[in-house]
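Please work through the exercises below with the sequence and the coordinates at hand. Each task is followed by a solution in steps.

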Amino acid sequence: MSKVRIYTLAKDLGVENARMLEILDGLGVSYKSVSSTIEEDTVELIKQILAEEQAEGTSAEATAEPTVQAPAEQATPEQPAAAPVPQAKAAPVTDAQGDGGTSEVPHRAPVVTIMGHVDHGKTSLLDYIRKTKVAAKEAGGITQHVGAFEAKTSKGKIVFIDTPGHEAFTTIRARGANVADIAIIVIAADDSLMPQTREAIAHAQAAKVPMIVAINKVDLPQADPERVKTDLTQLNLVPEEYGGDLVVVPVSARTGEGVEDLLEYISLTAELEDLRADPRAAFGGVVIEGKVDKQAGVLATVMVQEGTLHVGDFLVVGENYGKIKAMTDSAGARIKEAGPSTPVQILGFSEVPSSGEKVQSAKNEHAAREVVAGRVDTRRDAENARVQRRLTLEEMMGPLGSVRTVNLILRADTQGSVEAIQGILARKESDDVKINVMLAGIGAPTEGDVLLASTAEATILCFSVTPSGGVKKVADSKGVDIKSFRIIYELIDEVDRLIKGNVEPVFEEKYLGRAEVRMVIRHPKSGNIAGSYVRDGSLKRNAKARVLRGKEVVYEGTIIGLKRFKDDVREVQTGFECGINIDWNDVMEGDIIEASEMVEVEQA
Ligand SMILES: Nc1nc2c(ncn2[C@@H]2O[C@H](COP(=O)(O)OP(=O)(O)OP(=O)(O)O)[C@@H](O)[C@H]2O)c(=O)[nH]1
């Protein structure tokens with residue numbers, strides 16, 4: 001044996017990957033992920049450490065309580081049967097410790113989405129997994145399409161969203177929900193990276209969902225997996241074999257080759273993500289699909305994300321509510337309750353909910369109605385007010401002081417234009433501003449681009465291509481800017497403006513003028529007004545005011561009102577008399593009021 005993969009060793013030795021990584025960290029051994037390889041010497045060291053631990057553990061066990069295992073649901077079936085009491089021990093773990101204390105939120109199964117270019121084999125891969133990993137339903141035989149299914153693997157349950165394509169994924173994300181924990185990017189070995197592959201990658205990256213690349217169709221004679229790997233590096237995605245951390249698994253949806261490995265990698269990634277959800281928490285879920293069935297009526301597939309659903313529960317989705325009359329799992333079996341990471345089909349809504357809508361539960365019908373009424377009111381208020389709220393600086397630009405990112409989606413007529421623009425953009429980056437081209441593609445922007453832009457707050461820049469009317473409409477409704485240019489430098493100017501908008505503005509104080517207070521007039525409503533004479537410059541309403549008494553600054557505030565005779569004015573110039581109202585009542589005859597304003601400094 002020379003080198004060995006970390007997860008293989010973990011499996012052989014019957015320890016969890018996370019524990020293995022802990023040991024490696026302790027030894028100061030660097031690795032990229034659990035699929036990195038380690039040297040034989042290190043393997044020996046690890047074996048020693050584990051042997052020592054075990055020796056300590058057995059002597060301790062004689063006197064102490066058994067150690068708490070991971071909750072039953074996700075306990076690795078791989079654990080060697082060292083102590084043959086798991087059944088009795090697993091259940092009381094949380095109970096024994098009570099609700100508080102150290103009891104941990106249990107693990108949940110990963111939810112996986114499969115994305116990729118058209119015809120690269122998404123559906124075939126899902127079908128293969130479904131056929132081989134989903135236990136056939138006993139009764140009836142026909143499994144309805146519900147938008148998700150649960151695969152049973154040797155490593156535990158994996159939930160697949162089976163509406164392939166990033167559209168479904170992005171529609172869900174565009175509503176502020178995140179349903180997938182891991183994205184599988186399918187790339188056909190005979191075709192390599194295609195426009196929709198890049199889009200899928202951009203979507204997964206924007207969602208910050210870990211990615212696994214499945215190079216499909218490796219059974220074909222013209223398959224060239226190496227080319228796919230090299231092409232990936234051009235997107236800064238470096239496969240593990242090339243020293244990066246991207247997991248790439250060659251598969252064939254036709255022969256099944258590599259599918260087992262893919263499932264194993266999904267489980268490994270899930271383990272590292274440490275996915276957990278509390279079945280006892282308040283219920284929270286997301287609609288995956290909604291439809292009307294001619295016989296049954298409205299059916300909705302909901303992914304349980306937190307808590308547990310029970311038949312009879314009241315659910316609220318958007319401005320509708322319903323009571324669960326019946327619930328089936330993804331294999332079509334009737335169930336009474338469903339915990340985290342379970343896709344369920346629910347009968348009981350009166351309106352068809354849209355995918356991506358969040359679902360919550362309510363104690364009873366009255367509570368459900370109240371939630372809905374509250375939502376209707378909020379929407380109406382917003383509609384009536386047509387709130388054109390001014391965003392704060394932080395809302396516009398993220399936390400101040402950090403490096404700002406300008407998110408862009410680039411669309412151009414040719415690959416040459418895309419590359420030329422990207423080249424110029426790269427030179428625009430600075431220490432303060434990062435330009436993140438989330439997606440650069442050839443051809444007009446798509447609805448998918450708009451959804452991506454809306455979730456990532458990106459601007460879509462088009463060069464020599466224009467969006468279709470439909471895409472424009474979606475962009476308008478989502479508040480996404482699509483800007484089209486025919487001259488590269490105009491596009492670059494726009495980027496400059498975006499960069500500028502993203503740079504923390506620098507303000508400086510600009511002196512406006514000064515006035516001498518000649519008399520103080522007491523005003524019953526406005527307080528004291530300084531009857532003054534403007535000696536130089538001008539004074540403006542809302543300007544900053546500094547009151548000088550001799551050489552001393554006795555007050556700093558704001559000019560809240562300016563009057564010429566009885567009229568309110570905005571500004572008074574040198575040589576004129578005026579009444580100045582500042583937000584201070586102790587101004588005295590002889591004081592000097594100096595006015596200034598803050599102006600934004602143009603930055604190079
Ligand atoms: N030889 C071979 N053909 C495959 C494999 N996977 C899929 N195909 C074929 O490739 C074609 C496209 O496969 P699909 O599964 O429909 O691809 P898709 O990505 O789901 O396509 P869309 O749903 O149209 O986006 C079909 O003719 C499949 O039979 C594979 O591993 N090997």
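This is a predicted model: local features need pLDDT of at least 70, side-chain atom pairs count only at pLDDT 80 or more; totals for chains, interfaces and linings use all residues.

**Exercise 1.** Determine the strand order of the open sheet of four strands, and state which strands stand at the edges.

*Solution.* Step 1: the order reads β19-β18-β20-β21, and the pairing is parallel. Step 2: β19 (433-442) and β21 (482-485) each have a single partner strand, so they stand at the edges and one side of each lacks a neighbour in the sheet. Step 3: on average, neighbouring strands of the sheet are turned by 25° against each other, direction ignored. Step 4: nine bridges join β18 (residues 404-412) to β19 in the parallel sense. Within this pair, isoleucine 409 has leucine 439 of β19 as its bridge partner.

**Exercise 2.** Describe the residues that surround the ligand.

*Solution.* Step 1: the shell holds 16 residues, and the closest are Gly121, Lys122, Thr123, Ser124 and Arg254. Step 2: sorted by class, four are nonpolar, seven polar and five charged. Step 3: helix α6 (residues 122-133) supplies three residues, the largest share of the shell.

**Exercise 3.** Identify the members of the largest nonpolar core that touch the most other members, and list the contacts of alanine 214.

*Solution.* Step 1: this core has 118 residues, of which Val112, Phe160, Ile185, Val213, Ala214, Val302 and Leu452 touch the most other members. Step 2: with residues up to four places away in sequence left out, alanine 214 touches Leu125, Ile184, Val186, Val249, Val251 and Leu262. Step 3: a separate second core comprises 18 residues, among them Ala515, Ile529, Ile593 and Ala595.

Technical notes: Residues are numbered from 1 along each chain as its sequence is written. Two strands pair if DSSP finds at least two bridges between them. Helices (H or I, at least four residues) and strands (E, at least two) are DSSP runs, numbered from the N terminus. Axes are lines fitted to C-alpha atoms, for helices over the stretch in contact, and angles run from 0 to 180 degrees between N-to-C directions. A residue is near a molecule or strand if its C-beta atom, placed from the backbone, lies within 6 Å of it. Ala, Val, Leu, Ile, Met, Phe, Trp, Tyr, Cys and Pro count as nonpolar, Asp, Glu, Lys and Arg as charged, and the others, Gly among them, as polar. A nonpolar core is a set of buried Ala, Val, Leu, Ile, Met, Phe, Trp, Tyr and Cys residues joined through C-beta atoms within 7 Å. A residue is buried if 20 or more other C-beta atoms lie within 10 Å of its own, exposed if 12 or fewer, and partly exposed in between; C-beta atoms are placed from the backbone. Two residues are in contact if their C-beta atoms, placed from the backbone, lie within 7 Å.
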